[in-house]
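Open the structure in your viewer and keep the selection tool ready. Each stop below says what to select and what is there.

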Amino acid sequence: MKKREAKFTIKRFLMTNIVPILFILLSAFAIPISQFSANYLIQEMLIRLARNSFLVLSLLIPIIAGMGLNFGMVLGAMAGQIGLILITDWKILGIPGMALAAIIATPLAIALGWMCGTILNRAKGREMVTSYILGFFVNGLYQLVVLYFFGYLIPIRSPELVLSRGYGIRNAVNLLGIRNCLDYFIPVTIHGVKVPLGTFIVIAIFSAFIVWFRRTKLGQDMRAVGQDMEVARSAGIAVERTRLISIVISTVLAAYGQIIFLQNIGTLNTYNSHEQAGMFAIAALLVGGASVAKATLPNVFVGVVLFHLMFVVSPMAGKYLIGQAQLGEYFRVFVSYGVVALALAIYEWRRAQERAYARRMFRGEA
Amino acid sequence: MDRIKKFIIDIGWPRAIIALFLLALFVIAPFVNVRLDSSISDTLVRFGMNGVLVLAMVPMIQSGCGLNFGLPLGIIAGLLGATMSLEFNAVGFLGFFMAIALATPFALIFGWGYGQLLNRVKGGEMMIATYVGFSSVAFMCIMWLLLPYNNPTMVWGYAGKGLRTTISVQEYWGGVLNNFLSIRIGEFFYIPTGTILFFALMSLLIWMFFRTKMGTAISAVGANPDFARAAGINIDRMRTISVMLSTLLGAIGIIVYEQSFGFIQLYMGPFFMAFPSVAAILLGGASINRATLTHVVIGTFLFQGILTMTPSVINSMLQTDMSEVIRIIASNGMILYALTRGVRVKSR
């Protein structure tokens, strides 16, 4: 068999890394136009790395298990938000508050992840679109609980949380109590740039966890399932169970990620925060050069920086270039959806080509 | 008892539950002071309004391209046609058909490109279609700001450029179909005959199309691609044609929707419009690889019935507005059910 895969060609390199390259070019073009200072951009990037990395990390494990991008991570985000609403009501502040929110969110996230995993096991080969729709479906359940049950079945004491009609949580919940408590737990300032060291430490710990996890028995099983389900099954791996666990872990991590995300932002947008979380995390991971089948830690961090650089810069660039900030606003929406479409299409296209190639090899034509 | 069980399994649990739910809503309605006649009339209006959009699902499902989550692409073509007909100040039936005529070339071009893309990503169509829809909507947001429209009813008053987010078509071709031969009984009840006739005409055309040689070939591609290839059918070509047809129906569908609704919604308006149509056809009994016109009619009626009845009935019963939440859960639950049911072909 000829070694076709190993040959390094410029075309192949461009093909594999087209998305990050496009983004670097875009940023190189937009940063000078936006007229932001380097200091400002570095500060912004540090904040956004702290804010988003954890959510993006939560996507890695299902990719190892061959289940693609877990659009169902919004389930975890919702669990995290329920935890945050409760601790805000109980007025528990600072790190203990965050920890308690995480403790409340964990069983919820496990239950939701279990449900998600079970459903995805019934929709093999269509995991992404199914988890995507599942996100919408559970969003409906979440609204039912938060908008009608909170303050009605589940007691909420703080009047500032509850809608004026007496039940249901308001549109925006102020998280002043835990705002930035993890980010600046250890205050560090370099050249006037505040470094959210506390969050970085947590992110580092979980990155290490993922590296370690890949080497465990379970991690290896997941990789085997991701390569080929049938082969893994005949090797004695409980395929369904392994897939289920990968989704549960992802959902729980997403819940923690959302708590970290919101402690940085400082306000919970009760009915929108989670939707954006999924969207942006997936776009960032793909911008970092990940594909549906392969994602690494560098993909996560490069992706977060590149994606959010574009995010910060484009409205101002649009304003100076054409005179309408709104235009830059729409442009970044377009780019964040377009990049996902592009990355998914490239992945599927290449897979189709490889299948065709394998077929030719099989017939001995190549 | 066995008979009932078999019947329910035949039509599927979710459909049975939702049909019963809708029936219950119609029964309860008079007791909570919701007028039955106006409810039925509303349901009919919305049925006509959305029918063609749901019909747009059929060609792609039949050719094996899956659920058309890329419907916004067709909608955008329709929006371009609609705004251009307003730009030319065309009114009445002339304006309506002009909008369709102007939208057609866009729909065919978009559909062709979209079809080419989907042919290269066989197996992953649905997710990519969703994102193609989303990104094209976002791209058009930029375009609506920049395209050189001049009609003062459409552009922002103070800037003189950039289209408004909602544009009224009332003075142009609003309600032309709804009012055509419409039957009005009493104060609350009327049948939008024109819209329903138009939907029937479109359905008839699709029905006839799927009985031509090409239509049969498209269905064959969806039912069994390998068999189709062995029979000498050009799979990619058939799929492209089905996608173009779906996109065109989406464009016509949104124009019908607008003439009934009375407004053109631009910018993020078309963003989630694919989901109600997808849910409706699945509710009608379609699966992700087989859909018929019966599915369209039953599905649209059930889905729009639920949308019309839940706000009024549930609100008067519970004194709260839960309709939005119920809509989200029901429509996405339906899609989820269809996705997990797999592509088992019933042995018959």
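Select helix α3 (residues 38–57) and helix α8 (residues 197–215), both of chain A. Helices here are DSSP runs of H or I with at least four residues, strands are runs of E with at least two, and both are numbered from the N terminus. The two helices pack with their axes 9 Å apart, at an angle of about 20 degrees. Axes are lines fitted to C-alpha atoms, for helices over the stretch in contact, and angles run from 0 to 180 degrees between N-to-C directions. α3(A) and α8(A) are therefore roughly parallel to each other. (Under 35 degrees counts as roughly parallel, over 145 as roughly antiparallel, 65 to 115 as roughly perpendicular, and the rest as oblique.)

This is a predicted model: local features need pLDDT of at least 70, side-chain atom pairs count only at pLDDT 80 or more, and totals for chains, interfaces and linings use all residues. Residues are numbered from 1 along each chain as its sequence is written, while chains are lettered from A and ligands numbered from 1 in the order in which they are written.

Stay with this pair. The crossing of α3(A) and α8(A) is left-handed: the near helix is turned anticlockwise from the far one by less than a right angle, whereas clockwise would be right-handed. Now show the residues that touch. α3(A) brings A:A50, A:S53, A:F54 and A:L57, and α8(A) brings A:T199, A:F200, A:I203, A:F206, A:S207 and A:I210. (Contact means C-beta atoms, placed from the backbone, within 7 Å.) Colour them by type: 7 are nonpolar, 3 are polar and none is charged. Nonpolar covers Ala, Val, Leu, Ile, Met, Phe, Trp, Tyr, Cys and Pro; charged covers Asp, Glu, Lys and Arg; the others, Gly among them, are polar.

Next, select α9 (residues 217–227) and α11 (residues 239–265) of chain A. Their axes come within 10 Å and cross at roughly 110 degrees. That makes α9(A) roughly perpendicular to α11(A). This crossing is left-handed. The α9(A) side of the contact is A:L218, A:D221, A:M222 and A:V225; the α11(A) side is A:V239, A:T242, A:R243, A:I245 and A:S246.

Zoom out to all of chain A.

Where do the chains meet? The contact takes 35 residues from chain A and 29 residues from chain B. On the chain A side, α7 (127–149) and α14 (325–363) are the elements that give two or more residues. That side has 25 nonpolar, 7 polar and 3 charged residues.

Move to chain B and select B:A99, in helix α6 (residues 92–120). Is B:A99 buried or exposed? B:A99 is buried, because 32 other C-beta atoms lie within 10 Å. (Buried needs 20 or more such atoms, exposed 12 or fewer, partly exposed lies in between; C-beta atoms are placed from the backbone.) Leaving out residues up to four places away in sequence, B:A99 touches B:G81, B:A82, B:S85 and B:I255.

Finish with all of chain B: buried residues make up 51% of its 348 residues.

Notes
Contact = placed C-beta atoms within 7 Å.
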